[in-house]
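Subject: Structure handover and notes

Hello,

Here is the structure for you to look over. My notes follow below it.

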Amino acid sequence: MPTTDLLKAFGLSRNPFTDRTAEKTEFDPLSLYVASDLRGFKPSETTYIFFGRRGSGKTTIRLQLEAGYRRYNAEAASSGRSRGLFMVDLCKPGHMTACLSTFQEAIGASIDNWDASFSEMWRTSDLVDCILSYASTELVSAATTPGARGQAILDALRSEPRMCRQFLLLAHLYSRTDVSALTALRSTLLKPMLTAAQVTVAASAGVSVVTGTAIAARDPRIADAVAGQYEYVADRVAEAVPLLRSHGKLAALAGGTLLTAGVWYYLRWRQAYAMERARMVQSHVRVVKPQPTEVVAQLLSSCFSSQDSVDTIRLLCIGISAHQKLDLLTSLVRLLGYEGIAVFGDCFDEVTLLDPVRFPAAIKAFAKEICRNDVLNFGRLHFFFPDSRLALDLNTDRTLKEARFDRHFVRDLTWSRHQLEELAERRFRAAQEALLEESGAKPEDITDSKTSFADLFKKVRGEDFSSYLAKLSTPRELLIMMTEMFSRIEAHPEGGLTAQDMEIAVTKALEQSV
């Protein structure tokens with residue numbers, strides 16, 4: 001009786017076609033199809049942009065690139081050269097969802113008009129603000145965590161006052177953290193207005209002046225000389241202002257009132273100016289909920305002169321254009337021991353407010369703002385978009401001129417039947433080799449296996465196999481088809497796969513794939 005144990009019959013350690021999402025897969029290099037220009041990947045200044053439907057392998061490529069960066073960072077840390085590259089991960093939908101929800105609130109949009117409002121209001125600088133938010137949150141967390149790394153970050157910031165101000169401002173404007181962490185940072189990094197030595201010197205000087213005055217007042221000659229000078233000045237003032245002689249108390253009261261009112265008005269003006277400057281600085285950040293304005297105003301007063309305008313502060317510490325912001329962030333992380341930043345953006349279609357089904361215009365506007373040469377030219381950017389360039393309206397003349405795709409690594413992920421067939425065979429043979437390794441056999445014994453991948457399709461004519469496989473366009477569709485075919489083999493072990501079985505499996509794969 002034919003066995004229904006396919007794993008035993010085919011010599012497999014597991015079903016090699018059940019892993020349909022890259023995040024939930026333990027990668028075996030033998031089971032992956034890697035394009036020739038991505039083999040041996042090493043981090044560089046290149047910007048990578050991939051376009052492809054869901055299931056076309058974008059996340060698999062992204063995880064391979066990230067693995068290359070992890071190896072690079074481990075090598076840099078072990079050699080003592082640096083901490084490697086600071087990784088900005090925009091791939092988890094939670095961060096981008098939080099940023100876009102705050103952006104929606106900032107522009108006063110609702111779900112009903114979100115598509116149009118986002119397309120009109122979203123800018124490249126808002127995307128870079130999302131990058132700053134992630135980086136600031138991670139750096140604040142590292143700086144406030146007790147340990148050698150946190151202490152090293154604080155020491156580096158203390159050594160460079162300008163960078164210290166930049167870090168504090170980024171932390172208060174962009175980080176998603178609590179007030180207590182920011183308070184701890186301010187108390188640690190900001191210098192007090194008066195040091196203990198200055199307070200001691202001032203107190204000593206005050207005591208010396210009071211003591212000297214008391215001693216001098218007991219000497220009749222000194223007292224008479226001082227009194228004479230005082231009476232002379234008082235007479236001259238009284239001659240100039242007769243009101244002081246006739247109504248001295250009233251004049252003193254009026255003078256004191258005017259002085260008090262002037263001081264009160266000046267302090268009130270300073271406070272209002274500080275609050276307005278803080279609000280203006282915060283108003284340019286639309287993707288992070290602001291900290292209390294009073295806290296930001298106090299920070300700005302401590303770090304900057306009252307003559308420093310909002311534009312000056314932004315230009316020095318935050319940046320105004322997208323490229324300026326990335327440059328300033330790079331300078332900051334280099335001070336902290338990194339070589340630069342590397343940005344990864346993926347799974348944008350899983351962000352609630354970028355769902356291409358509900359908001360088709362939003363995902364197009366989002367992709368268009370990323371694909372600008374002033375941003376892409378920064379380097380070490382890796383973005384993965386959930387559709388082709390044509391579907392995202394990125395093939396227009398204007399977009400092509402703004403993006404300059406010819407200067408960057410850009411690829412539309414499309415799969416031929418030959419590539420899909422090789423991928424399926426790679427997975428099949430990798431599962432066979434895994435079983436041999438588990439059993440202690442030699443890997444070369446796989447060549448003597450009675451079952452090969454081609455044996456699954458003995459009853460399918462070559463032209464039928466090619467025509468059915470050509471209907472598939474993504475690896476996920478291939479995996480769904482192969483899973484269905486394995487199920488049909490298990491249900492009918494007495495016969496082999498037929499062309500009809502393959503046609504049914506391909507149809508189900510196309511139905512399930514989105």
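What share of the contacts in the protein chain with a separation of 6 or more comes from residues 24 or more positions apart? The share is 77%, where contact means heavy atoms within 4.5 Å.

Some ground rules. This is a predicted model, so local features need pLDDT of at least 70 and side-chain atom pairs count only at pLDDT 80 or more, while totals for chains, interfaces and linings use all residues. Residues are numbered from 1 along each chain as its sequence is written, and side-chain values use heavy atoms, with hydrogens and water left out.

Overall content

The protein chain has 22 helices and five strands. These are DSSP runs numbered from the N terminus: helices are H or I with at least four residues, strands are E with at least two. The chain holds 514 residues, and 42% of them count as buried. Buried means under 20% relative accessible area, exposed means over 50%, and partly exposed is in between (1.4 Å probe, protein chains only).

Aromatic pairs

Rings of Phe, Tyr and Trp (its six-membered ring) pair if their centres lie within 6.5 Å; planes under 30 degrees apart count as stacked, over 60 as edge-to-face and the rest as tilted. By this rule there are 21 aromatic pairs. One is phenylalanine 51 with phenylalanine 405: the centres are 6.2 Å apart and the planes are at 80°, so the pair is edge-to-face. Phenylalanine 51 lies in strand E1 (residues 48-51), and phenylalanine 405 is in the loop between helix H18 (397-403) and strand E5 (409-412), so this pair ties together parts 354 residues apart in sequence. Both phenylalanine 51 and phenylalanine 405 are buried.

Phenylalanine 103 and phenylalanine 118 also form an edge-to-face pair, at 6.0 Å centre to centre and 80° between the planes. Phenylalanine 103 is in helix H3 (residues 93-107) and phenylalanine 118 in helix H4 (residues 114-121), so the pair links parts 15 residues apart in sequence. Phenylalanine 103 and phenylalanine 118 are buried.

One aromatic cluster takes in Phe51, Phe103, Trp114, Phe118, Trp122, Phe348, Phe366, Phe383, Phe385 and Phe405.

Charges over rings

A charge sits over a ring if NZ of Lys or CZ of Arg is within 6 Å of the ring centre and within 35 degrees of the ring normal. Arginine 389 lies over the face of phenylalanine 405, 5.3 Å from the ring centre. Arginine 83 lies over the face of tyrosine 338, at 5.9 Å from the ring centre.

- H4 buries Trp114, Asp115, Ser117 and Phe118. Its buried residues pack against H3 and helix H16 (360-370).
- The buried residues of H16 are Ala362, Ile363, Ala365, Phe366, Ala367, Glu369 and Ile370. They pack against H3, H4, H5, H17 and E4.
- Leucine 127 is in helix H5 (residues 124-144). Leucine 127 is buried, with a relative accessible area of 1%. Not counting residues up to four places away in sequence, leucine 127 touches Trp122, Phe366, Ile370 and Phe383. The C-alpha atoms of leucine 127 and isoleucine 370 are separated by 7.6 Å, although these residues are 243 apart along the chain.

Axes are lines fitted to C-alpha atoms, for helices over the stretch in contact, and angles run from 0 to 180 degrees between N-to-C directions. Angles under 35 degrees count as roughly parallel, over 145 as roughly antiparallel, 65 to 115 as roughly perpendicular and the rest as oblique.

Helix H14 (residues 310-318) packs with helix H15 (residues 322-335) at about 55°, with the axes 8 Å apart. H14 and H15 are therefore oblique to each other. Leu315, Leu316, Cys317 and Ile318 in H14 meet Gln324, Lys325 and Leu328 in H15.

Helix H7 (residues 161-174) packs with H14 at about 105°, with the axes 9 Å apart. H7 and H14 are therefore roughly perpendicular. On the H7 side, Arg162, Gln166, Leu169, Leu170, Leu173 and Tyr174 meet Ile313, Leu316, Cys317 and Ile318 in H14.

Backbone points to check

Arginine 380 is not a glycine, yet has a positive phi of about 55°. Arginine 380 lies in the loop between helix H17 (373-376) and strand E4 (381-385), and is buried at a relative accessible area of 13%. Aspartate 393 is not a glycine either, and has a positive phi of about 60°. Aspartate 393 is in the loop between E4 and H18, and is partly exposed at 43% relative accessible area.

Best wishes
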